[in-house]
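The sequence and structure are shown first.

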There are 2 protein chains.
Amino acid sequence: MPKINAGRLLSDLRVLAQFGAHRTGVHRPTYSKEDMDSRRWLAQQYETLGLRAHIDGVGNVFGMPRSEGRSLLIGSHAESQNHAGWLDGALGVIYGLEIARAFGETPSCTGLPIAPVAWADEESHYIPLLGSRSFVGDVEEAEIDSAVNVDHGLPLRDALRGAGLAGVPRSLVEPERYVGYLEAHIEQGDVLEGSGNRIGVVTSIVGIWQYSIAFRGIQNHAGTTRMAIRKDAGVAAATLAMAIAKHFPEIAGPRSVWTTGRITLEPGALNIIPGRAEMLFQFRDSEMLVLERLHAGLRELVHETAMKTGCSAEIKQTSAGKPWHMDPEFQTAIESAAARLSPGAYVRMPSGASHDAQVIGRKVRSAMLFVPSISGISHHWTENTNDADLVLGCQVLADAAETILRGERK
Amino acid sequence: MPKINAGRLLSDLRVLAQFGAHRTGVHRPTYSKEDMDSRRWLAQQYETLGLRAHIDGVGNVFGMPRSEGRSLLIGSHAESQNHAGWLDGALGVIYGLEIARAFGETPSCTGLPIAPVAWADEESHYIPLLGSRSFVGDVEEAEIDSAVNVDHGLPLRDALRGAGLAGVPRSLVEPERYVGYLEAHIEQGDVLEGSGNRIGVVTSIVGIWQYSIAFRGIQNHAGTTRMAIRKDAGVAAATLAMAIAKHFPEIAGPRSVWTTGRITLEPGALNIIPGRAEMLFQFRDSEMLVLERLHAGLRELVHETAMKTGCSAEIKQTSAGKPWHMDPEFQTAIESAAARLSPGAYVRMPSGASHDAQVIGRKVRSAMLFVPSISGISHHWTENTNDADLVLGCQVLADAAETILRGERK
């Protein structure tokens with residue numbers, strides 16, 4: 001069995017967290033100086049292990065074994081959300097590094113090739129899941145040409161040039177070269193903590209359906225327009241938000257979630273009745289039937305709100321991701337390792353967040369492991385996980401990796 | 001009786017609307033090139049009438065009679081809201097110009113001095129009611145030093161320098177020099193149109209109370225955080241908006257109005273549960289008792305919303321303007337002129353909007369006249385008024401001005 005080095009794992013996690021350190025978290029947006037410095041640091045670590053390291057044209061960092069045999073990709077994304085947590089992505093990246101090391105140090109595991117990887121921009125600073133989508137051949141040059149940074153509008157092309165990646169080729173997956181892909185990630189929720197479990201075996205990744213909903217009323221003077229004749233688009237938006245809060249629980253699945261992330265009132269002045277309101281809304285579930293039910297329910301509530309408020313409504317679906325199921329044998333490998341190392345304290349569960357594993361899974365067998373998030377907090381600089389859980393998760397994934405690679409060689 | 005020239009009045013209104021013309025409205029923000037060009041054009045018109053014209057340090061344009069006697073100020077503000085209507089402010093400014101002309105052309109009115117005036121920034125591009133407040137001595141240099149443009153943040157000092165007003169003295173009212181102040185304005189509502197009246201005699205100007213209300217919840221991942229444990233600040237904001245819509249009608253006065261002009265969710269990302277929500281809210285009424293009742297009601301609803309949503313709430317009152325009552329004798333003068341020229345089609349009414357008249361009224365007797373707004377629309381480029389009403393309003397104000405000035409001389 002490969003034995004991971006707990007002290008080295010934790011210290012590597014802390015070293016990576018120094019790139020763009022922000023309070024107890026990190027601010028490491030894709031292609032920022034801190035992000036590229038961290039990717040170059042990772043490539044060095046891979047090289048030190050005797051792997052062939054390279055950074056491809058979108059910033060994906062690969063550590064490829066020099067041996068001939070099919071290798072097992074292990075990793076996650078290296079960049080962070082803005083001013084967010086130190087483990088989101090970084091955890092799976094350092095697990096890949098540590099597991100590659102542990103296999104190298106374990107005589108019985110030499111010849112079981114691990115290929116650590118760090119994907120780019122899973123966090124959507126430019127394009128959601130850019131690195132993994134590029135790797136599976138799902139990103140056209142035209143998409144890169146037209147993408148800009150969501151925060152400051154810098155064209156992706158300029159960002160890539162600034163990162164020294166202009167003209168660097170993008171690596172494309174050759175499925176026959178890989179046994180599969182394993183990704184570890186913090187849960188980013190409180191299911192594990194709340195149920196007293198320390199390992200989550202991911203069964204599926206939810207589909208995320210997103211919408212832009214616009215209400216158009218009549219923009220007018222906030223002092224001189226009687227309440228009786230108003231068509232206030234802002235009131236329509238609030239009405240819809242409350243209708244969703246009231247009716248979605250009746251049609252949602254047990255694990256469905258829904259969120260209004262942004263409300264914009266136009267023109268947005270204190271003394272003007274909003275003539276237009278836009279809501280960015282999304283819901284997630286791992287069952288297609290539930291997603292379709294929520295979709296129909298939303299359209300109905302938008303229609304009713306328009307009727308009730310006298311505003312016109314326009315609903316645009318901006319994404320409709322399919323739920324993705326993890327490879328059953330890989331799930332079993334992770335689960336048996338968890339049963340040995342964390343008896344009675346592991347659980348099968350869907351992922352409420354999207355991950356690179358759902359993209360890589362289109363080309364090679366993939367699975368995921370979760371470790372608990374303290375208080376379920378993530379996408380915030382206070383995000384954290386107990387050291388003991390960080391270490392346990394890595395050992396479970398290492399054991400699962402060995403099982404999977406040995407299964408290959410039978 | 002002074003006879004105004006209808007053709008000249010309408011053509012001057014259209015000439016002024018050419019400065020910053022936008023579709024059928026205007027975009028003439030305070031101290032923009034278009035705004036300053038229009039103020040210089042006004043000064044020229046005043047000079048042509050034999051008045052002593054000058055533009056003061058905040059852009060107020062005055063046309064002072066050369067005669068000794070106390071004069072009657074007539075005007076309004078010259079700038080517009082962004083991409084808004086052609087009459088909001090411009091109407092009263094051109095009425096002042098036309099009435100000064102008509103008096104000059106009417107032998108029986110020579111010796112009744114009219115002082116046309118155009119105030120600056122009533123529309124709050126930098127400081128609400130800046131021009132009139134400066135004229136009554138209510139603006140310290142420090143307030144000008146710290147003010148910036150609400151849209152693009154340009155410091156007021158830079159804007160004044162750009163407008164060629166740096167170092168130009170600000171004119172201060174000498175109350176004994178003026179009989180009073182008359183201002184005409186479009187109603188900006190539909191009370192006149194809805195009741196078939198053509199002239200509104202303004203009795204009072206509402207008090208405007210404004211608030212910034214912030215809810216703080218827990219920012220978290222929108223996919224992995226179960227609905228049951230969320231503290232969504234955006235849901236709190238929507239809950240308050242609906243609570244206001246439900247309960248304010250029970251405690252408001254017959255003419256009270258209230259508006260949520262802006263809702264900001266932070267961080268404002270589709271996949272993050274808002275940790276903070278801010279609402280900009282205001283209400284208006286002409287009765288102090290009603291304002292105080294709404295204030296208490298709002299605080300209660302904010303408190304209840306915080307309880308219900310598990311978010312913490314902070315409510316900050318950003319303004320608490322007192323209602324202002326117009327001069328009774330001036331009101332009578334306007335009303336008798338309306339009775340002669342528009343029998344049975346005029347009404348006494350409060351103003352739901354704030355106007356320079358409430359500021360000037362602190363130092364000299366003031367009153368206002370409204371003409372109808374088609375469909376009650378203003379603060380939008382489609383704002384308009386029938387030509388016949390534009391002409392009628394000017395003649396009514398001219399007759400009222402004569403009555404007031406003659407009363408003086410008795």
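**Contact between the chains**

In this predicted model, the contact takes 51 residues from chain B and 50 residues from chain A, where contact means heavy atoms within 4.5 Å. The area buried between chain B and chain A is about 4400 Å², with carbon and sulfur atoms giving 57% of it. Buried area is the accessible area (1.4 Å probe) that two parts lose on being put together, summed over both. B:Thr224, B:Leu270 and B:His379 supply 15% of the area that chain B buries against chain A, more than any other three residues.

Residues are numbered from 1 along each chain as its sequence is written, chains are lettered from A and ligands numbered from 1 in the order in which they are written, and side-chain values use heavy atoms, with hydrogens and water left out. Because the model is predicted, local features need pLDDT of at least 70 and side-chain atom pairs count only at pLDDT 80 or more, whereas totals for chains, interfaces and linings use all residues.

Two salt bridges are found across the interface of chain B and chain A; the rule requires a side-chain nitrogen of Lys or Arg within 4 Å of a carboxyl oxygen of Asp or Glu. A salt bridge joins the side chains of A:Asp190 and B:Arg226 (2.8 Å, N to O). There are also 18 residue pairs in polar contact between chain B and chain A (both at pLDDT 80 or more). A polar contact is a pair of N or O atoms within 3.5 Å; within protein, one must be able to donate a hydrogen and the other to accept it, and residues adjacent in sequence count only if both atoms are side-chain atoms.

By class, the side of chain B that touches chain A has 21 nonpolar, 23 polar and seven charged residues. Here Ala, Val, Leu, Ile, Met, Phe, Trp, Tyr, Cys and Pro count as nonpolar, Asp, Glu, Lys and Arg as charged, and the others, Gly among them, as polar.

**Domains of chain A**

Chain A is divided into domain 1 (6-203 + 325-409) and domain 2 (207-320), with bounds that come from an automatic or database domain assignment. The C-alpha centres of these two domains of chain A lie 36 Å apart. Six residues of domain 1 and four residues of domain 2 take part in their contact.

The table sets out values for the two pairs of parts.

| Parts | Buried area | Share from carbon and sulfur atoms |
|---|---|---|
| Chain B and chain A | about 4400 Å² | 57% |
| Domain 1 and domain 2 of chain A | about 390 Å² | 53% |

A:His325, A:Pro350 and A:Gly352 supply 66% of the area that domain 1 of chain A buries against domain 2 of chain A, more than any other three residues. Between these domains of chain A the count is zero salt bridges and one residue pair in polar contact (both at pLDDT 80 or more).

**Two buried residues**

B:Thr385 counts as buried because its relative accessibility is 3%; buried means under 20% relative accessible area (1.4 Å probe, protein chains only). A polar atom of the B:Thr385 side chain lies 2.7 Å from the backbone oxygen of B:Pro372. Not counting residues up to four places away in sequence, B:Thr385 touches residues including B:Leu87, B:Ile186 and B:Leu390.

A:His125 likewise counts as buried, at 3% relative accessibility. A:His125 and A:Glu143 are 18 residues apart in sequence and 14 Å apart in space, C-alpha to C-alpha.

Definitions and conventions:
Buried means under 20% relative accessible area, exposed over 50%, partly exposed in between (1.4 Å probe, protein chains only).
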